[in-house]
Amino acid sequence: PGTYRPYDLGEEMGVWVNNSDGVTPAVGKAWPPRDLVFPDYTIPRTVEWWTQMCLEFKDVLDYDGIWIDMNERSNFLRGQYPGCAVNDINNPPYVPTISDHSLAQKTLCPDSKTYLGEHYNTHSLFGWSQTAPTFHVAQQATGKRAFVLSRSTFVGCGKHGGHWLGDNFSQWKDMHQSIIEILEFNLFGIPYIGADVCGFNYNTTYELCLCWMQLGSFYPFSRNYN
């Protein structure tokens, strides 16, 4: 407090995702060196807070667009501090075959509270609720057609932002798979889409990267990220 304006203003406006008590902010861990809290973009005031922060940041860095990453409510912990309570929401009778077989793995506890309800029901809407206000403020700040790239998407996101296909591998099968995935996202209504050309994980090879660059020139969104 007192050293980081986005936190101070957000605390003042009450824009965070809360713990199950609905009062105290959920505290987790990601890339910043210290703990962090999570904006709840389903709160109307959060859009005001985000708009203000993006406009102020334009004076710090003269950006052309905004790339929103880690926006699945990404968290390096299994739930927030001090962990998830034992109840039916955090431990439902049926859990898909997901990482660690836990709905809280690398995100928040399902019983965390958001403006629209429990995190159990709103988790998949986090990137969706952030994309539209980011598009509008980027357009306002730059006075130009906005460029927004979001890691988390949902139905309707294609109207306001693009997407990339995540942490693939430097393998021939991943290059092949990218064609299928890009066509799928066009069906999902997100036409501005692309894969990490040459792969993200592992070391690429000359032959693979050359062929992938040739293929990537036909991606709607093309970038070499190896």
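Reader: Skipping its neighbours within four places in sequence, which residues is Thr114 in contact with?
Author: Leave those neighbours within four places aside, and Thr114 is in contact (heavy atoms within 4.5 Å) with Val17, Asp40, Thr42, Arg73 and Thr122. Thr114 itself lies in strand β4, residues 113-114. Helices (H or I, at least four residues) and strands (E, at least two) are DSSP runs numbered from the N terminus. So the list to check on screen is Val17, Asp40, Thr42, Arg73 and Thr122.

Reader: Before I go on, at what pLDDT do side-chain atom pairs count?
Author: Residues are numbered from 1 along each chain as its sequence is written, and side-chain values use heavy atoms, with hydrogens and water left out. This is a predicted model, so totals for chains, interfaces and linings use all residues, local features need pLDDT of at least 70, and side-chain atom pairs count only at pLDDT 80 or more.

Reader: Is Thr114 buried or exposed?
Author: The cut-offs are under 20% relative accessible area for buried, over 50% for exposed and partly exposed in between, with a 1.4 Å probe and protein chains only. Thr114 has 10% relative accessibility, so Thr114 counts as buried.

Reader: Which backbone oxygen lies 2.5 Å from a polar atom of the Thr114 side chain?
Author: A polar contact is a pair of N or O atoms within 3.5 Å; within protein, one must be able to donate a hydrogen and the other to accept it, and residues adjacent in sequence count only if both atoms are side-chain atoms. For the Thr114 side chain, the backbone oxygen at 2.5 Å belongs to Gly117.

Reader: How far is the Asp40 side chain from the backbone nitrogen of Tyr115?
Author: Asp40 is placed in the loop between β2 (36-37) and α2, and with a relative accessible area of 1% Asp40 is buried. The Asp40 side chain reaches the backbone nitrogen of Tyr115 at 2.7 Å.

Reader: What do the buried residues of α2 pack against?
Author: Helix α2 covers residues 44-60, and its 17 residues reach 25 Å from the first C-alpha to the last. That is close to the expected 24 Å, where the expected span is 1.5 Å times one less than the number of residues. Buried in α2 are Thr46, Trp49, Trp50, Thr51, Met53, Cys54 and Lys58. These buried residues of α2 pack against α1 (5-13), β3 (66-68) and α4 (126-142).

Reader: How many residues of α4 are buried?
Author: At 1.5 Å a residue α4 should span 24 Å, and its end C-alpha atoms are 24 Å apart, so the two agree. Helix α4 is mostly covered: of its 17 residues, the buried count is 13.

Reader: What is the angle between the planes of Tyr41 and Trp50?
Author: Rings of Phe, Tyr and Trp (its six-membered ring) pair if their centres lie within 6.5 Å; planes under 30 degrees apart are stacked, over 60 edge-to-face and the rest tilted. By this rule there are 13 aromatic pairs. Tyr41 and Trp50 form an edge-to-face pair, 5.6 Å centre to centre, with the planes at 85°.

Reader: Why does the pair of Phe147 and Tyr192 tie together parts apart in sequence, and how many residues apart are they?
Author: The two rings are edge-to-face, 6.3 Å centre to centre. Phe147 lies in the loop between α4 and β6 (148-150) and Tyr192 in the loop between α5 (172-187) and β8 (193-194), so the parts tied together are apart in sequence by 45 residues.

Reader: How far is the charged end of Lys58 from the ring centre of Tyr63?
Author: A charge sits over a ring if NZ of Lys or CZ of Arg is within 6 Å of the ring centre and within 35 degrees of the ring normal. Arg223 sits over Tyr225 at 4.1 Å. For Lys58 over Tyr63, the distance to the ring centre is 5.8 Å.
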